[in-house]
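Trainee: I have a model open on my screen and would like to learn how to read its features. Could you take me through a few of them?

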Amino acid sequence: MATKTVYRQVTFFFFCALAPQLFAVEYYPAGSTLNRSALEFNLKAGLFSTEANVDYQGKKTDLQPDEKFSQTDYLAVLRYGQSSQLEWRGGFRYRQNSSVDVIGVNQLPADSAGPESLFAGIKYSFPKSLHWRSALDAQFRKTLYSNQVYEPTQTPPNDDIVLGDDGMEMKLGGALTYQFAKPYFFNGSLYYVLPPNDLSHEVDFDLDFTAAFESWWFYVGTRGNYSMNNDAYTKNEEQKPRMSVGATALYNSINRETLAAFGGIA
């Protein structure tokens, strides 16, 4: 079973409305929180596609020419600044998955779409210095679906694919921002994650460079996760229950790890 996924990610739109200046666009770096009594609503969409899978022995397997897997996420997030150092957030994610798996000479397409999860979080920022900003962050997420699980000896249906790993996720960590000059920021975040579906604990990371101008900004970076390798089936791979995952190892994997480059304009 593949345990690592290499993929490309593109953020293809972002809209932000901020009160009290309704429909104003303002950039808040990762190490900061909203201003007191500020309310922000944003919509964001992202697309990524699997390029290759790497198994637990480190062997990389590229997808076959006719194989593909893509995941499109649509996020709606509402943030509220309770004070200049404390903010709350809540949100909703809708997901579309598309896969074509190749077995022998047969191409096996599978698609799924629907409400994926609800999440809520809290963020506390420390007093900022001249160039540095830092914050602590916690988030809870619950999926809005339950996956069909099959015994290791069973074959999941080929025309179905799960929306993701189902269950509850909790993450705790923080973010750090360094401001080079007025429009240029370097952001980094690190989280310890208890993922859904009884997967191994993980450490998520995110690094980006952002150029934030008066009414718009763009960013490029990399994100991914490192597995703590404590999946219950680490040494008993063949006994892990199966799911309809299509042409990817992103879901229901063992000690999964991901790495992606991303970019966007806001």
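Trainee: Let me begin with one side chain: is glutamate 116 buried or exposed?

Mentor: Glutamate 116 is buried, with a relative accessible area of 1%. Buried means under 20% relative accessible area, exposed over 50%, and partly exposed in between (1.4 Å probe, protein chains only). Before we go on, this is a predicted model, so local features need pLDDT of at least 70 and side-chain atom pairs count only at pLDDT 80 or more, while totals for chains, interfaces and linings use all residues. Residues are numbered from 1 along each chain as its sequence is written, and side-chain values use heavy atoms, with hydrogens and water left out.

Trainee: Which residue forms a salt bridge with glutamate 116?

Mentor: A salt bridge is a side-chain nitrogen of Lys or Arg within 4 Å of a carboxyl oxygen of Asp or Glu. Here the partner is arginine 141, with the closest N and O atoms 3.2 Å apart. The two sit in distant parts of the chain, arginine 141 in strand β7 and glutamate 116 in strand β6, 25 residues apart. Strands (E, at least two residues) and helices (H or I, at least four) are DSSP runs, numbered from the N terminus. Arginine 141 counts as buried too, at 8% relative accessibility. Bridges that share partners join Asp73, Arg93, Arg95, Glu116, Arg141 and Glu169 into one network.

Trainee: How many salt bridges does the structure hold?

Mentor: The structure holds 12. One of them pairs arginine 79 with glutamate 40, with 2.9 Å between the closest N and O atoms. Arginine 79 lies in strand β4 (residues 68-81) and glutamate 40 in strand β2, so this pair ties together parts that are 39 residues apart in sequence. Arginine 79 is buried at 13% relative accessibility, and glutamate 40 is buried at 4%.

Trainee: How many helices and strands are in the protein chain?

Mentor: There are zero helices and 12 strands. Of the chain's 266 residues, 50% count as buried.

Trainee: How should I read a pocket, and what is the volume of the largest pocket?

Mentor: Rolling a probe the size of a water molecule over the atoms shows where empty space is left. On a 1 Å grid over the protein atoms alone, using a 1.4 Å probe, a pocket is an open set of points with protein on both sides within 12 Å along at least five of seven lines; lining residues have an atom within 4 Å of a point. The largest pocket has a volume of about 800 Å³. Its lining has 34 residues, and those closest to the centre are Asp101, Arg242, Val245, Gly246 and Thr248.

Trainee: Which residues make the nonpolar surface patch?

Mentor: Such a patch joins nonpolar side chains (Val, Leu, Ile, Met, Phe, Trp, Tyr) within 5 Å, from residues with over 30% relative accessible area and no salt bridge. In this model a patch of about 900 Å² is made by Phe180, Tyr184, Phe186, Leu207, Phe209, Phe213, Trp216, Phe218, Val220 and Ile265. Leucine 207 is in strand β10 and is partly exposed, with a relative accessible area of 37%.

Trainee: Where does aspartate 198 lie?

Mentor: Aspartate 198 is in the loop between β9 and β10. Its phi is positive, about 55 degrees, although it is not a glycine. With a relative accessible area of 72%, aspartate 198 is exposed.

Methods: Grid points are joined across faces, edges and corners, and a volume is the space filled by probe spheres set on the points. Patches are made of residues with over 30% relative accessible area and no salt bridge: like charges are joined within 9 Å, nonpolar side chains (Val, Leu, Ile, Met, Phe, Trp, Tyr) within 5 Å. Accessible areas come from the Shrake-Rupley method with a 1.4 Å probe; for residues, only the protein chains shown count as cover.
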